[in-house]
Amino acid sequence: RDWSSDVCSSDLMWMFANAIMCGNTFILKPSEKDPSASNYLGALLKEAGVPDGVFNVVHGDRVAVDAILAHPDVKAVSFVGSTPIAKAIYETGTKHGKRVQALGGAKNHMLVLPDADLDMAADAAVSAAYGSAGERCMAISVVLAVGDVGDALVAKIRERLPKINVGPGSDPKAEMGPLVTREHRDKVAGYLQSGKDQGATLVADGREHPLYHPTDGGYFLGVSLMDHVDPSMDSYRNEIFGPVLQVVRVPDYATGLKLINENPYGNGTAIFTRDGGAARRFQFEVEVGMVGLNVPIPVPVSYYSFGGWKGSLFGDLHMYGPEGIAFYTRGKVVTSRWPDPGTSSVDLGFPRTR
């Protein structure tokens, strides 16, 4: 059986091993915007002795995707990308009778209560917002500052930003690289401008970084921090997928929780507090698939499984752990009987236990 995938490299690492271990061949259709890591992975697996035809890399755009979704030999499809495409992949694949696991977008919130350790919260927010230039589905893109904690928290985040070195991967000192394409870099920069135009405060504007030049190569954007963001703003309502952290001031826990639960995405969230009761209440009340308690990026360890709720997941089974094994296998029930020919008799009734 062939199990196909169109995913980013990190998610791929959670898929192909389980698929192959369960006896399947695996077809990877990487994004045409950044296929080199998939090629390199294929070369490493071949060098390691994986037989030809077990792990396959197929390049292309929508034409290749449509062919995979319709091919009768492909039994199941995994996908990670934006929510509109994930939904289309799910609907098309299931229409062709395939098992589909399609992970969509995210708008991950971090709720910071007044009793939180603000240094820990600021470190977590910076790491979770700007790692991988914010281009990961588990990035924290919104901090919900509860009560009067906002000013102190924003100040602590701001003082950490100059320490982040932005540069190419060839620079050993670089901690954050460029965005994937010029078009996406410009889209992210557009959210900075629209946020400013709609009343947000640009505490740090990534367009002021020396490497930001819209007409040059590299597609760099510096770290950006937006304060006093309102949930009605375009930058809040949409997934930015870039190195932009937004701060929304909320009066209390209930208001913050309501914002998280009303969001169309349900991938990951976090709460920072010293109050065990508040943390326990949050883990039960929040409508999100992956929850961190003083943990900024709540990616489950391997014996659980990765996957969100609502518009962040189409399908029933998550990515790895026991659910991943279930996705890459199909159960078979065998009922057997070995009677003594000398005592056997015809019984047209349904088999039963006694």
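Mentor: We'll go through confidence, then a sheet, then a pair of helices.

Trainee: What's the mean pLDDT of the protein?
Mentor: This is a predicted model, and its mean pLDDT is 91, with 94% of the residues at 70 or more. Over residues 1-7, though, the pLDDT is below 50. That stretch still has 48 contacts in the model beyond near neighbours in sequence. Where pLDDT is low, the predicted coordinates should not be read in detail.

Trainee: Okay, the sheet. What's the order of its strands?
Mentor: It's an open sheet of seven strands, E8-E9-E10-E7-E6-E12-E13, and the pairing is mixed.

Trainee: Which ones are the edge strands?
Mentor: E8 (201-204) and E13 (290-293), each pairing on one side only. On average, neighbouring strands are turned by 20 degrees against each other, ignoring direction.

Trainee: How many bridges join E12 to E13?
Mentor: Four, and the two strands run parallel. Ala270 sits opposite Gly292 in E13.

Trainee: And which strands does helix H7 touch?
Mentor: H7 (residues 150-160) packs on the sheet and touches E6, E7, E8, E9 and E10. Its direction makes about 165 degrees with that of E10.

Trainee: Switching topic: at what angle do H10 and H11 pack?
Mentor: About 25 degrees, with their axes 11 Å apart. They are therefore roughly parallel to each other, and their crossing is right-handed.

Trainee: Which residues make that contact?
Mentor: Tyr253, Leu257, Ile260 and Asn261 from H10, plus Arg281, Phe282 and Glu285 from H11. By class that's four nonpolar, one polar and two charged residues.

Terms used. Residues numbered from 1 in each chain as written. Predicted model: local features only at pLDDT ≥ 70, side-chain atom pairs only at ≥ 80, totals over all residues. Heavy atoms only, no water. Axes fitted to C-alpha atoms, helices over the stretch in contact; angles between N-to-C directions. Parallel < 35°, antiparallel > 145°, perpendicular 65-115°, else oblique. Left-handed = near helix turned anticlockwise from the far one by under 90°. Contact = heavy atoms within 4.5 Å. Nonpolar A, V, L, I, M, F, W, Y, C, P; charged D, E, K, R; others polar. pLDDT = per-residue confidence, 0-100. Pairing = 2+ DSSP bridges.
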